[in-house]
Amino acid sequence: MPTSPIDTAAPLFQPHQLGSLTLPNRIVMPPMTRSRASQPGDVANDLMAAYYAQRASAGLIVAEGTWIAPLGKGYAWTPGIHTPEQVAGWRKVTSAVHAAGGRIFAQLWHVGRLSHTSLLGGQSPVSSSAIQATGVNVFAAGQDGTPGFVQASAPRALAVDEIQAIVDQFRQAARHAMEAGFDGVELHAANGYLVNQFIDSGANHRTDAYGGSLENRLRFLGEVAQALIEGTGDRTRVGIRLAPLTTLNGCVDADPETTYTAAARLLGELGVGYLHIAEADWEDAPHMPLAFKQRLREVFPGTLIYAGKYTAERADAALREGWADLIAFGRPFVANPDLPERLRTGAPLALHDRDTLFGGGARGLTDYPALDAKAA
């Protein structure tokens with residue numbers, strides 16, 4: 001799949017200042033679950049270190065979703081950042097990326113209701129409300145170790161003291177991320193996971209301080225964001241991923257433009273470093289209007305990252321128009337470890353093997369060659 005070469009003077013290849021971090025280009029590798037963590041223990045490993053180091057030419061890497069506590073896990077073989085062994089495993093990854101000249105944030109993840117009892121030691125998943133994500137499957141391993149997708153289990157609603165305990169877990173996870181050598185953290189508040197289950201009106205039927213009004217539905221988001229600022233010690237090292245229109249995994253809001261404009265304003269007041277906006281990218285997905293993007297720019301003073309089937313040309317246009325500062329390229333980074341160079345030169349983009357996305361070993365993870373390796 002060839003692309004057109006981009007002038008190196010184009011915005012996509014200009015540096016960007018993110019707090020005290022200087023990003024050499026505006027290209028982000030976003031978080032993508034690959035389910036390669038070592039067992040037992042869900043520990044990041046040498047294979048994952050090689051994978052991320054291969055892609056260190058990105059302006060910023062955001063590592064795959066990493067669960068903050070045992071009840072936050074929702075997919076088999078995904079890494080955690082809860083135990084000393086997990087922190088040590090991630091230190092291998094960050095060291096490899098830094099040695100290759102890159103910058104990497106941890107994406108901190110609590111899946112909430114998007115889990116299965118088999119992943120949680122027999123416990124039920126937790127959520128803002130006891131509403132099952134009907135028709136939503138999660139990746140789990142059977143008793144014989146064979147992976148597959150199963151219907152997410154019915155959740156129970158969190159008590160208020162449990163909510164505060166999860167805020168504390170996020171704070172501790174941010175501390176662990178900094179101990180592991182990450183340059184910062186990103187909160188996964190999108191795609192139907194726990195924070196999103198509080199934000200969106202269709203998933204939150206609470207009648208206490210965490211439900212009902214928009215202010216209440218955003219309370220958990222604000223508390224977790226503040227905890228991450230405290231955990232990292234630097235608000236510019238905190239990013240938040242939001243998905244205003246995706247309706248993924250059963251989370252739907254009655255008025256997403258109002259809800260997410262208010263969320264962006266709240267996060268701007270807290271001073272977080274960036275918002276990472278995931279646009280819906282499936283066929284017939286809802287379109288995110290330009291006016292909505294411009295509104296987010298007006299209320300959020302920090303860096304804005306957009307992700308969603310961007311080409312180099314679309315990315316360059318977004319940066320020139322000013323409503324985006326960085327652009328994330330997801331699937332292209334799977335099969336193109338040197339994606340920035342390919343975008344710059346217009347070289348063909350390799351296609352990924354869908355059968356190797358989740359689970360397995362090096363095949364489909366670290367065996368995609370860079371351009372210079374192919375030429376050799």
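**Barrel, helices and ring pairs**

User: Which residue in β13 does Tyr274 stand opposite?
Analyst: Five bridges join β12 (residues 274–278) to β13 (residues 303–307), and these strands run parallel. Strands (E, at least two residues) and helices (H or I, at least four) are DSSP runs, numbered from the N terminus, and two strands pair if DSSP finds at least two bridges between them. In β13, Tyr274 stands opposite Thr303.

User: What pLDDT do local features need here?
Analyst: Residues are numbered from 1 along each chain as its sequence is written, and side-chain values use heavy atoms, with hydrogens and water left out. This is a predicted model: totals for chains, interfaces and linings use all residues, side-chain atom pairs count only at pLDDT 80 or more, and local features need pLDDT of at least 70.

User: In what order do the eight strands close into a barrel?
Analyst: The pairing around the barrel is parallel, and the twist averages 25 degrees from one strand to the next. Angles run from 0 to 180 degrees between N-to-C directions, and the axes are lines fitted to C-alpha atoms, for helices over the stretch in contact. The order is β3-β4-β5-β10-β11-β12-β13-β14.

User: What is the bridge partner of Ile61 in β5?
Analyst: β3 and β4 pair in the parallel sense over two bridges, with Ile61 in β4 as the bridge partner of Met29. On to β5: five bridges join β4 to it, again parallel. There, the partner of Ile61 is Ile104.

User: How many of the residues of β4 are buried?
Analyst: Buried means under 20% relative accessible area, exposed over 50%, and partly exposed in between (1.4 Å probe, protein chains only). β4 is mostly covered, and the count of buried residues is eight of eight.

User: Which residues of β10 are buried on the side away from Gly184, Glu186 and His188?
Analyst: Five of the five residues of β10 are buried, so the rest of the structure largely encloses this strand. In a regular strand the side chains alternate between the two faces of the sheet. Here both faces are covered: Gly184, Glu186 and His188 sit on one side, and on the other are Val185 and Leu187.

User: At about what angle does α3 run to β5?
Analyst: Helix α1 (residues 46–54) lies across β3, β4 and β5, at about 150 degrees to β4. Helix α3 (residues 160–179) lies across β5 and β10, and the angle it makes with β5 is about 155 degrees.

User: How far does α7 reach from its first C-alpha to its last?
Analyst: Helix α7 (residues 256–270) has 15 residues. The expected span of a helix is 1.5 Å times one less than its number of residues. That gives an expected 21 Å for α7, and the computed reach is close to it, at 21 Å.

User: How far apart in the chain are Tyr75 and Tyr193?
Analyst: The structure holds 13 aromatic pairs; rings of Phe, Tyr and Trp (its six-membered ring) pair if their centres lie within 6.5 Å, with planes under 30 degrees apart stacked, over 60 edge-to-face and the rest tilted. The centres of Tyr75 and Tyr193 are 6.4 Å apart and their planes sit at 80 degrees, so this pair is edge-to-face. Tyr75 is in the loop between β4 and α2, Tyr193 is in the loop between β10 and α4, and their separation is 118 residues.

User: Which strand holds Phe149?
Analyst: Phe139 and Phe149 form a tilted pair, 5.2 Å centre to centre with 50 degrees between the planes. The pair ties together parts ten residues apart in sequence, because Phe139 lies in β7 (residues 137–141) and Phe149 in β8 (residues 147–151). Phe139 is buried, with a relative accessible area of 5%. The strand that holds Phe149 is β8.

User: What is the phi of Trp77?
Analyst: Trp77 forms one aromatic cluster with Phe139, Phe149 and Phe358. Its place is in the loop between β4 and α2. Trp77 is not a glycine, yet its phi is positive, at about 65 degrees.

Note on methods. Contact = heavy atoms within 4.5 Å.
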